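This report describes one protein chain for a reader new to structures. Look at the sequence and the model, then read on.

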Amino acid sequence: MFTPQQTQDGSFTFFSTEFNEAFHSHYGAKQESLLKFAIPTQLPILAETGFVRLLDICYGLGYNTAAALQTIWQVNPHCRVQVIGLELNPIVPQAAITDQLCDSWDEKYIKILTQIAFEHQIQMDYLQANLLIGDARSLILQVHKSGFQADAIFLDPFSPPQCPQLWTLEFIQKVSECLHENGLMATYSCAAAVRTALLTAGLAVGSTPPIGRRTPGTIAGHFKHGTKSSISFFSPLSQGEKEHLLTRAAIPYRDPHLSDTTEVILKRRQEEVQVSTLESSSQWRKRWLKS
């Protein structure tokens, strides 16, 4: 089910036969966790406050959490961190440990990842972490009900065509409600449908630098009228990216009751795309390739 693959920075990831995708880019699993998630969500700055709350959606091998902890504690070893991880398949983080994929991390983080993987929780000096197992669509309701407000959210599912249920308007709306008013949400995806969902949830969006692929990632935060939002520190969407949001590619995935299958969600969107009068993404691409 999970095949180890070495990435260009020397760290390993898994390839999922179920989703026909790797858990990380070929560029580097550790580098992606650091440069797509830990750094864009301003964890070095948050570390100075002494307390950081993280929501790691699609915990997977645990690399994003490890990168976050390393980033925070390098700045402030005494910063308290609370982590909530959401993961569908508990075998994934356990296999990462038993197959020794996490050995590129310092021993301190291997121990933390091991306890989280097998006990689903850890309580130690400066760290409280809980790994919730199940469908993230149900778990996010649980997190929201608890009142948890994350300073940083990592949104890291498989790609929208493979895992559309975690990129829908409805799911991202619930995720946004778990984001602190000054918090930031990061994802590797720049898909127009994903950015539309973020914008519809009332978030401002910007681009993060491309890491291991030609396309950028996305950073999102609550829009604050008349004040400087955390999002203002990042590159605003280019004119081309803004126009991409006016094409059929920007038609979002929908899952009204947070319970539909992959097939139903994909079919619903495809039907909406087919009757849309918006410009096609291929026309948009041709126009911007010429410019």
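**Terms and model**

Helices (H or I, at least four residues) and strands (E, at least two) are DSSP runs, numbered from the N terminus. Two strands pair if DSSP finds at least two bridges between them.

The model is predicted: local features need pLDDT of at least 70, side-chain atom pairs count only at pLDDT 80 or more, and totals for chains, interfaces and linings use all residues. Residues are numbered from 1 along each chain as its sequence is written, and side-chain values use heavy atoms, with hydrogens and water left out.

**The chain as a whole**

The chain contains eleven helices and twelve strands. Of its 291 residues, 54% are buried (under 20% relative accessible area with a 1.4 Å probe, protein chains only; exposed is over 50%, and partly exposed lies in between).

Contact means heavy atoms within 4.5 Å. Among contacts between residues at least 6 apart in sequence, 69% join residues at least 24 apart.

Nine strands form an open sheet with mixed pairing, in the order 6-7-5-4-8-9-11-10-12. Strand 6 and strand 12 (235-236) are at the edges with a single partner strand each, so one side of each has no neighbour in the sheet.

Strands of a sheet pair through backbone hydrogen bonds, either parallel or antiparallel. Strand 4 (residues 51-57) and strand 8 (residues 150-155) are parallel and share four bridges; Leu-55 has Ile-153 in strand 8 as its bridge partner.

**The hairpin**

Strand 6 (residues 121-124) and strand 7 (residues 127-133) run antiparallel and are joined by four bridges. Met-124 is opposite Leu-127 in strand 7. Two residues lie between the strands of this hairpin, and Tyr-126 has a positive phi near 70°.

**Helices across the sheet**

Helix 3 (residues 63-75) lies across strand 4, strand 5 (80-87), strand 7 and strand 8, at about 165° to strand 4. Axes are lines fitted to C-alpha atoms, for helices over the stretch in contact, and angles run from 0 to 180 degrees between N-to-C directions. Helix 7 (residues 169-176) lies across five strands, including strand 9 (179-187), to which helix 7 runs at about 135°.

**Helix 10**

Which residues of helix 10 are buried? They are Thr-262, Ile-265, Arg-269 and Val-273.

Helix 6 (136-146) and helix 8 (192-200) are among what covers the buried residues of helix 10. The face turned away from the buried side carries the exposed residues Glu-263, Lys-267, Gln-274 and Val-275.
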